[in-house]
Amino acid sequence: MAVDAKGNYSRGRLDAPTLTLAMEEIKRRGLWIIDLFDPGESILYKEIHLGGPKVKSDHFVAFCRQLSTMYKSGIHIVEAVRILGEHSESKAFRKILRSIYEEMASGTPFSTAVAQYPDVFSDVFVNMVRAGEVSGKLDDMLNRLAFFHEKEHYTKEKVKSAMIYPAAVSVVTVIVVTILMTFVVPRFVSNFQAMDMELPLPTKIVIAISGWMKRFWYLLPVIVAGLALLLRWIRGTAKGAYYLDLAKLKMPVFGKLWHKRALSRFSRTFCSLFAASIPMPRIMTILSAVVSNEAMAKLIRESREAVSSGDSLAEPFKDSWLFPPMVVQMLAAGESSGEIDSMMEKVADYFENDVDTMADRLKSLLEPLMIVLLAGIVGLIVLAVMLPSFTMINNMHA
């Protein structure tokens with residue numbers, strides 16, 4: 001809200017990168033400020049996140065590609081960040097980019113400014129930008145980052161799409177079974193008790209489960225929450241995280257998908273960092289965090305120690321099933337030829353295509369399987385409930 005020289009009040013909205021610039025613009029118009037605030041700071045507009053600012057993957061991927069395109073076309077990096085910050089669809093990302101722009105406008109390098117937001121800009125991004133600034137090849141690094149994050153986003157979405165359907169059907173199964181056990185089965189139980197008849201074993205089992213669920217239904221969310229907290233506590237320990245991730249990779253069907261996904265991230269990140277001339281020990285440190293699997297990360301950290309001691313890069317991976325022979329051979333070939341980035345790019349392309357194909361196959365196979373599973377569970381419950389009726393009908397005809 002503001003007032004002019006005649007005492008007329010006015011209220012409105014002004015688009016400006018910062019509150020300071022907004023105040024200067026209002027004063028330039030001959031107005032005195034009564035009340036000025038950033039609507040993005042209001043609870044009505046604020047995006048609420050747990051654990052720090054969150055930026056959606058598709059927003060970040062779009063930012064990387066647009067930044068690369070703008071910088072390559074001759075727009076200064078500071079101006080490009082300002083423009084992208086003003087037009088970002090995410091309120092949280094707009095605020096971050098605005099802060100980065102202000103830092104850069106005061107002389108801070110781009111890599112230093114983005115490093116203040118590790119939840120948004122990864123070590124891969126920061127190190128590649130820094131390498132581009134030092135070498136004078138920032139346009140090439142930004143283009144590589146855009147390509148890297150586009151591939152990463154596409155592969156991630158493919159894996160997610162393969163997981164959504166079984167997760168949704170599992171939730172529906174739990175809901176249907178709960179309704180049957182707490183509302184439908186008890187009605188039949190009262191009829192059976194009135195007839196005072198001997199019940200088959202499957203029926204007794206279903207009735208016992210139904211009775212427990214009806215009496216102690218409030219324990220179910222407590223048990224689920226307890227198991228979730230237990231898993232979280234186990235994952236918080238070094239050994240727990242290692243064995244959980246190891247078990248995850250050995251799971252039927254999905255284990256292979258997650259394994260190939262981790263290998264694609266390893267290979268794509270490796271080739272990008274090596275092309276940016278990042279020191280090998282630093283590359284291995286970043287890779288151990290990028291794979292998002294403690295079993296693989298532990299082996300990568302061990303390889304970092306071996307490389308620092310002067311050993312071959314591929315040697316530590318030879319005896320582990322976590323890294324297939326093809327990956328080891330390509331690493332060895334790249335190391336001997338000095339073209340590790342080219343070799344790892346080929347490996348990344350291979351595993352990304354493999355993940356793509358496997359995700360599509362899983363979706364087509366799991367849909368009918370999950371429907372059959374749901375129908376089978378519901379059918380068994382219904383059959384167990386109806387067995388006494390069949391027995392009674394047979395006795396009447398006898």
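Biologist: Where does Lys158 sit, and what makes that stretch a helix?

Modeller: Lys158 lies in helix α7, residues 138-195. A helix here is a DSSP run of H or I with at least four residues, a strand is a run of E with at least two, and numbering starts at the N terminus. This is a predicted model, where local features need pLDDT of at least 70, side-chain atom pairs need pLDDT 80 or more, and totals for chains, interfaces and linings use all residues. Residues are numbered from 1 along each chain as its sequence is written, and side-chain values use heavy atoms, without hydrogens and water.

Biologist: Why is Lys158 called buried?

Modeller: Its relative accessibility is 16%. Buried means under 20% relative accessible area, exposed over 50%, and partly exposed in between, with a 1.4 Å probe and protein chains only. Lys158 is therefore buried.

Biologist: What makes the pair Lys158 and Asp356 a polar contact?

Modeller: Their side chains come to 3.2 Å. A polar contact needs a pair of N or O atoms within 3.5 Å; within protein, one must be able to donate a hydrogen and the other to accept it, and residues adjacent in sequence count only if both atoms are side-chain atoms. The pair qualifies as a polar contact.

Biologist: Which residues does Lys158 touch, leaving out those up to four places away in sequence?

Modeller: Asp356, Ala359 and Asp360. Contact means heavy atoms within 4.5 Å.

Biologist: What is the volume of the second largest pocket, and what makes it a pocket?

Modeller: About 630 Å³. Val120, Ser122, His149, Glu152 and Arg265 are the closest to its centre among 25 lining residues. On a 1 Å grid over the protein atoms alone, a pocket is an open set of points with protein on both sides within 12 Å along at least five of seven lines; lining residues have an atom within 4 Å of a point. Volume is the space filled by probe spheres set on the points, which are joined across faces, edges and corners.

Biologist: Which helix gives the most to that lining?

Modeller: α7, with five residues. Helices α2, α6, α11 and α12 are among those that each supply at least two.

Biologist: How much of the whole protein is buried?

Modeller: Buried residues make up 37% of the 398. The protein has 15 helices and three strands.

Notes
1 Å grid on protein atoms, 1.4 Å probe; cavity = no way out; pocket = protein on both sides within 12 Å on 5 of 7 lines; lining within 4 Å.
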